[in-house]
Each structure stands twice: as C-alpha cells, then as structure tokens.
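Colleague: I would like to walk through this structure with you. Shall we take it one question at a time?

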Amino acid sequence: MPKVQENIYEGEQHHSTLEPALIFVSYIPEVHEDDHSYTNIDNGFGEPLEEEHDGAGVCYSQDGSMFLNIFNADEYAEYRVDNLYYPFASKEEWEVADYLLRSSLSMAAIDEFLKLSMVQRLHLSFNNAKELRSCAEMLPSGPSWKCQTLSSIHPTKSPIRLFWRDPVECLESLFSNLLFHDKLDFTPHRIYKTAERLLRVYSEWLTGDSAWKMQTQLPRGATVLGVVLSSDKTNITTMTGARVAHPLLLGLANIHMRTRMKLSSKAFLLTALLPIPNFRHPARMCSITLGQIASITVNPDDLEAYFEACAGMRLNSVYTPFWMDWPLADPSVFLMPEPLHHWHKEFYDHNLQWCITVVGAQELDFRFSILQPTTGYRHFSGGISKLKQVTGRSHHDIQRYIVGLISGAAPRRFIIAIRVLMDLRYLVQCPAPDDTLLACMDQSLSTFHKHKDVILTLGARMGAKRPIDNWHIPKLELLQSITFSTRKVGALIQWSADATEHTHISEIKEPARQTNNNNYDPQICRHLDQEEKLRHFTIATSLKTHPASCDPNFRAKDAPEQDGLEDEDEQEQNDPRSALLEEMNCTRIATNYFSKARQMAT
C-alpha cells in the first residue's frame, strides 16, 4: 500500500512507495551477439599483469549532468552570473556565513555574535541566525530528505517515521563529487603477479570473482556499481536520555579502497534514519533463505506464532528481506567478514580471556604495566584485565604485545594457537593479498585447529561459572570464510566498519548537538542538508574563481618530485584544476606497510 510521504521542509504531501534499491547497472545498452572478451593491460613494468573485462563501463554520451552543470541549473543560477556567491553579497560575507554555519555555535550564540558592534559595521545581509539559515536554504542542494509515515497493525507509543533519501540520488551525488573524479574504477579486472597468470592478487572490489561474474551476466557495455551499506546503533545522548539512532550509510565500492577508507573523505552518505532495531541475517544462500520463508504458512501479523515458526528454521522473523528483489545479490556473498567486529572483537572477547585464564590476571596485568611506554601506542599502566569501554584502538594495542607477554608463562602449544591467530589478523589486513598470502591464512587456521585442544584441556574457555567444552563461537567460525570472501569481493580490510563507525560522529552525533534536544531526526536531516550545500557551494565557487577557469593557458608551477619507498602513492596532477581538487580533498594516503616490507626485502 502507498504510504504518505511529506517534504520535511515545506510540509507538502504526496503518495509514493519506498522500495529498497541496490544499483549494479548504471546503463544497459543494446545487447550484442558477440560474447565477453578480455584485454591485457600493461602495468608499466613490461609484463602484462592485469586483465580487464572487455566491453565493461562503456561511455555512450558526453551530455550527462556533471557537478558544475547541476550547480548552474539551480533556480538561483541567474543571480550568480553577476554575483557568484548569491544569496550572499560577497565572498567575504560568504566566508563569514560558512564559518558560522559550520561552527558548533547555537542559534542564540550566533545572534549574540551578529549583534556585536564590530560585526554590525560589516553590514551583512543577515541580522540573526534565522535569516542566516534561510540564506543557506537557497544554496544548491544535494539529494533531498523525505519523511514517510509507516503504518502498523500493532499499537505504538509514537508514529513510526522513516527519514530517507533516494539511494539512486545519493549514488549520483557520490559519482558527481569532483573530489572523487580520479578515484573511481568502472571495469572488473584480474591482477596477476606473474606473466604466467598463476598467482592472483585481490585488492579492490572489482578485482574479485564476484564483480567479474556479475559483469559476465550483464549485457555488453553495462557498468557494474557496488553499493556499500552499513547500519549500526549509535548513541545520541551521553549518560542521560538514552536516545539512540539507527543510521543507514551508503557508499560506492567503485571508489578506490584507500580513499573510501579515509575518515575525512566523506565517502559515505547518510541515506536513512531507520525507526527499527537491527536485524541479524544468517549467512546462507539467498535461495535457501527465501525458500524457508516461503514454506512458513503462519500469518506474519500474528507475531508470537510467526516468531515461534521461524525459530525452528533459525530465521529472524523478517518475512520480506530487504534484498529479496535485488538482482545478482546473495547475502552469502555481500555479508562478508568484517574486521572490526569479527576479528578484533573476537580477540578481546575470546583470545585475550583465554590468556588471562591461563597466565593469571594478576601476572598478565603486571607484565603489561612494566612495559616501556612507546610513542603512538597505549601504555596499560594498570593492566588490561579490568578495562572498561574498550575501543578498537585498544584492541590493536593489546594485540601488539600479547604474544611476547604470555611467552614463558603459558604452555608452548597454547602460545602457538594464540600466535597463529595473531598471524591471521595481521595477514588479512593486507590491502592486496595474493594467492600465496591466502594460502598462508589457510595454513594459520589449520595450525590453530591442530593445537586448539590445549585451550579446552587447560580450561581456558570459561563461562560465567564453569569451563565450556565446545567451540560454538560464531566469530571464530566466520574466520573460516576469510579466503573465500576475499576471492569473491576483494581485500576484506576495505569493508572494515572503522570508517562507518567514525561517520556516526559527523552524521549523527555532531548534528544532534546542534538541535534543541527534542525530536532529533528532522533536525539532523536539516543540518546534514545544510552541510552538504555549504560543501558543494565551496567546491563550485573555488573552481569558478580558479585562474584556470578564466585563463585556458594557465599552468600550475612545477612541483618538486618527492622520493620515497611508497610505489603506490598518487602522482602529482598536471591539470591545475585537478591539483586544486586534490588540495581540497586534504586526505593523507595510508601507508602500505606490506608494500614497504616487500621493497625492503628486495
């Protein structure tokens, strides 16, 4: 049934339906008779190490809507012919407005600032925070926010309202973002380490078998887009209020891994604020799951009976999974192991607790406390057995020390079991693992299974009151699918929730601090819409005022070459506009220590 959808800014209502969308094909041209073929690409070292899927990512037209086209098509574009910074009177006024709107100042504090005598002598076109925000609403906008009221046959304490943006518009916004103009891939490809093509390398999503298989099933010329979805509960309030949000973040897997994983790159957009709790989706083939759901004859509206019927099949009682009508989508593929929660959290919840039991909490705490403090690493002066509010960073710091600290205090086979799991966690962080490295990962798991019996023999796997004599650990079981998932979707480190967890700060927590602590969702959406307008306006005005836009013969000054071991660092852009965008992007490329280690070894 259609649901009422309203514009949260103007109050307009119209009927529409919200359907989940996972976009894999941006354009499907006429199907040709000839089958897919493959092309060898020279990697610059004289050997054909890269194989691209021929006929993928074909460009059919040059008249699409680009970033500046959208900027120039705005309803106030005619006023910007004479004044580029309209609705602001000048560049200086725009800079003041941009600073105030991006600051953490409340509306009352902005009003007080604008009443200062020195500020009033600037003769700004806005006199208070309300007028300033009204001016911001006139800036070119990105994907629009909508509010949809969901009906339920069961009584609720408050209306169920879903705040969302069209995911296709969000993808278009990421595609048209000029800061990503040279950081996108469109063609599935296979990378080999040798000319004989015996040793595969898996890095970006498009280097995996899953993207290649999808491209093969699509008509010639189609473009495969990978959509990254992330959702997790996050707290809005601290200590009091118990206000939480369930954000749904959307990213584009075609964006280069090292750009997408940088927290400052803004590669993830908030596309919905879900009014529902998180659901668990078991890792199984989609056909099996959908078949089990279809076999249940109980009415889903009878919640208790339906929950009971689903429990026997280990289903989570969702009778219309969000992915059921997505083409080429299978939860056994796109629900891959996730580094932050599946690897590092598994270490803290299980491996570390085994060490505490075997070595003893007092002894292990003492060994941690006497370590020499090292710059950049956390020093656990009080030990680690009674830590509270442990972050992912703390997990990493403990892992750096644990093998050395239990040496001499635990049996040899126990140390081997812990060490090989640590080897596995180190190897899976490689941004471009090859078949040899994947074989090392499988060998580490095999070695652990060979020695894991000593953990139960020592009684290290403890429950609340007594030892546990089984290995029913879901996170440990997920480690078995690391190499399988890597071959399907590329390097697993790129799917870490570190980036999306940090995005909760900029997309939820910081906007929530600008609200009046009442009715958070619409105010968060309004704040994000305003931030997006400011960001896009800054990019557009910077490009239009750049000397290269006025003088086609303008050439940027030659920059000195930089020496370094990093052979994968991006080269300096020759185009001055590209250099400007690179400067505005202001993201530091993460160091590839695996590459450095290989270079130092040779």
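Colleague: Let me start with one residue. Is F71 buried or exposed?

Modeller: First, note that this is a predicted model. Buried means under 20% relative accessible area. F71 has a relative accessible area of 5%, so this residue is buried.

Colleague: How are the rings of F71 and F537 set: stacked, edge-to-face or tilted?

Modeller: The structure holds 14 aromatic pairs. In the pair of F71 and F537, the ring centres are 5.8 Å apart and the planes stand at 50 degrees. Planes under 30 degrees apart count as stacked and over 60 as edge-to-face.

Colleague: What is the relative accessibility of F537, and does that make F537 buried or exposed?

Modeller: The cut-off for buried is under 20%. F537 falls under that cut-off, so F537 counts as buried, at a relative accessibility of 1%.

Colleague: What kind of pair do Y85 and F537 make?

Modeller: Their ring centres are 6.5 Å apart. Their planes stand at 65 degrees. Over 60 degrees counts as edge-to-face. So the pair of Y85 and F537 is edge-to-face.

Colleague: Where does Y85 lie?

Modeller: F537 is in helix α21, and its pair with Y85 ties together parts that are 452 residues apart in sequence. Y85 is buried, and so is F537. Y85 itself lies in the loop between α1 and α2.

Colleague: Which peptide bond is cis, with omega about 15 degrees?

Modeller: Most peptide bonds are trans. Here, a cis bond has omega of about 15 degrees. Its proline, P87, is found in the loop between α1 and α2. The bond joins Y86 and P87.

Colleague: Now the charges over rings. What is the distance from the charged end of R190 to the centre of the ring of W212?

Modeller: The charged end of K146 sits over the ring of W164, 5.2 Å from its centre. The charged end of R190 sits over the ring of W212. For R190 and W212, the distance to the ring centre is 4.0 Å.

Colleague: Which residue in β13 is the bridge partner of W164?

Modeller: Strand β5 (residues 146–150) and strand β6 (residues 160–164) pair in the antiparallel sense over five bridges. Two bridges join β6 to strand β13, residues 268–273, and these strands run antiparallel. In β13, the partner of W164 is A272.

Colleague: Which residue of β8 is the bridge partner of I191?

Modeller: Strand β4 (residues 50–53) is joined to strand β7 (residues 189–192) by three bridges, and the two run antiparallel. There, E52 stands opposite H189. β7 and strand β8 (residues 200–201) pair antiparallel over two bridges. In β8, the partner of I191 is V201.

Colleague: Which helix gives the largest share of the lining of the second largest cavity?

Modeller: A search of the whole structure finds three cavities of 30 Å³ or more. The largest share, three residues, comes from α21.

Colleague: K266 is among the lining residues of that cavity. What is its relative accessibility?

Modeller: K266 is found in the loop between α8 and β13. Most residues other than glycine have a negative phi. Phi of K266 is positive, near 55 degrees. K266 counts as partly exposed, at a relative accessibility of 34%.

Colleague: Last one. Is N517 buried or exposed?

Modeller: N517 lies in the loop between α20 and α21. Its phi is also positive, near 60 degrees. Exposed means over 50%. At 51% relative accessibility, N517 counts as exposed.

Notes
Residues numbered from 1 in each chain as written. Predicted model: local features only at pLDDT ≥ 70, side-chain atom pairs only at ≥ 80, totals over all residues. Heavy atoms only, no water. Phe/Tyr/Trp six-rings, centres within 6.5 Å; stacked < 30°, edge-to-face > 60°. Buried < 20%, exposed > 50% of the residue type's maximum accessible area, 1.4 Å probe, protein only. Helix = DSSP H or I, 4+ residues; strand = E, 2+ residues; numbered from the N terminus. Lys NZ or Arg CZ within 6 Å of the ring centre and 35° of its normal. 1 Å grid on protein atoms, 1.4 Å probe; cavity = no way out; pocket = protein on both sides within 12 Å on 5 of 7 lines; lining within 4 Å. Points joined across faces, edges and corners; volume = space filled by probe spheres on them. Pairing = 2+ DSSP bridges.
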